[in-house]
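I opened this entry to record what I looked up in the model, starting with overall dimensions and then turning to the sheet.

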Amino acid sequence: MNIGIVCYPTFGGSGVLATELGKALAENGHNVHFITYQQPVRLTGFRANIFYHEVRVPTYPLFDYPPYESALASTLVDVVKNNHLDLLHVHYAIPHASSAYTAKQILAKEGRYVPVITTLHGTDITLVGRDKTYAPVVAFSINQSDAITAVSENLKQETYSYFKIEKDIHVIYNFVDVKRFSKRPIDAFRKVIAPDNERIVLHASNFRKIKRIDDVIQIFRRLNEVVPSKLLLVGDGPERPMAEELCRELALCDDIRFVGKQQDMEDILAIADLFLLPSEYESFGLSALEAMAAGAPVVATNVGGLPEIVKNGYNGFMGNVGDVDQMAEYAIDILKEEDTFLQFRANARKQAERFDIARIVPQYEELYQTLYNNFCHKKHEAVAG
Ligand code: GMT
């Protein structure tokens, strides 16, 4: 099939998932066209059947706000026509679902039918999408999609409770390539970070308020008092200055390292002994899943879709939002004794296998095939009269 993928090209989970999906589809023989304003960060290297189309947004003195949504819709029309796309799969509702709807209408006027799949990722529903500035457009364009998917059962239910959705929402979980993430740690790298064989704790995110980076640091502080550890903070974002300040205040600068945005997460996660994700909300928690695949148990909050991937006492633990004492106790329980730690490590890998790329990607392909067949049928009816 010829598949168009629209996503945010940045380090956020929705862009990462969309890019990994596109790469997996190409691996399975499809032609994949990424349509976005920048090369997606995980789209590295050359593959003959992956194409990248940049959305250009011309500036004009009149535009205080360049109209990205219109530029995207026009680019979609152009790419669908010139590359004979069979479907458009848009990730993150705002503004991708409404641009896809506009493109679909324009193409329909010319007698071309292109089904649109919208995948909901989280904040497009639970945070930004709910804002009344966007809500009517979000609800409308989700309803106009030919298929809707959500990345967890929780997000599906949240979507039904926030918006009047008239269609079925299919749950297709986030996935991970377990084989790729099961790397052996590079000893020299481990030694640099933890010279005295301390435990290595990791957190990765976009450092937004919702991630509660201060809780990550507070949990680490309590853990470090009992189990000597080092903390790696991967990523960047608005909360970083606050986090750096907190490290200085707590005199933890020697034990906490900010490593910035990283592309090759499998290399970094290979040295992690524990992953912390004490977020206010996570629709799924792709970063935690990648950590599990690398053998890191997870201490997280019991919110959103996290209980769908973390099993208490098996591959990690979950605490209430903000309860840093409880989550530190959990981290200590996992890391204190080697035997317990090794058991959690093995369970983390086992749990990640439930979300392996080989199990999840065919669910998208099946959905594509159903839509494609329906649309071929419609096309046929239109031609017949
Ligand atoms: O976590 C973020 O803030 C980034 C965000 C995004 O939209 O890029 O991630 C969301 O989508 C991921 C992929 O489906 C999920 O694994 C994350 O849990 C979700 N983030 C939130 O719900 C906060």
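**Overall dimensions**

I began with the radius of gyration: a compact globule of 385 residues would have one near 21 Å, and the protein has 22 Å, which agrees. I kept in mind throughout that this is a predicted model. Taken along the principal axes, the box filled by the C-alpha atoms is roughly 75 × 45 × 40 Å.

I then looked up burial, and found that 56% of the 385 residues are buried, while the protein exposes about 17100 Å², of which carbon and sulfur atoms supply 49%. Of the contacts between residues at least 6 apart in sequence, 70% join residues at least 24 apart.

**The sheet**

I counted 15 helices and 13 strands in the protein. Seven strands form an open sheet with parallel pairing, and I noted their order as β3-β2-β1-β4-β5-β6-β7. At the edges stand β3 (50-54) and β7 (169-171), each with a single partner strand, so one side of each is left without a neighbour in the sheet. From one strand to the next, the twist averages 25°.

I next checked the pairing of β1 (residues 2-6) with β2 (residues 31-36), which run parallel and are joined by five bridges; glycine 4 has histidine 33 in β2 as its bridge partner.

**Helices on the sheet**

Helix α3 (residues 93-109) packs on the sheet, where I found it touching β1, β4 (87-91) and β5 (116-120), and its direction makes about 175° with that of β5. Helix α6 (residues 153-162) also packs on the sheet, touching β5, β6 (147-150) and β7, and the direction of α6 makes about 165° with that of β7.

Technical notes: Residues are numbered from 1 along each chain as its sequence is written. This is a predicted model: local features need pLDDT of at least 70, side-chain atom pairs count only at pLDDT 80 or more; totals for chains, interfaces and linings use all residues. Side-chain values use heavy atoms; hydrogens and water are left out. Two strands pair if DSSP finds at least two bridges between them. Helices (H or I, at least four residues) and strands (E, at least two) are DSSP runs, numbered from the N terminus. Axes are lines fitted to C-alpha atoms, for helices over the stretch in contact, and angles run from 0 to 180 degrees between N-to-C directions. Contact means heavy atoms within 4.5 Å. The radius of gyration is taken over C-alpha atoms; the globule rule is 2.2 Å times the number of residues to the power 0.38. Buried means under 20% relative accessible area, exposed over 50%, partly exposed in between (1.4 Å probe, protein chains only). Accessible areas come from the Shrake-Rupley method with a 1.4 Å probe; for residues, only the protein chains shown count as cover.
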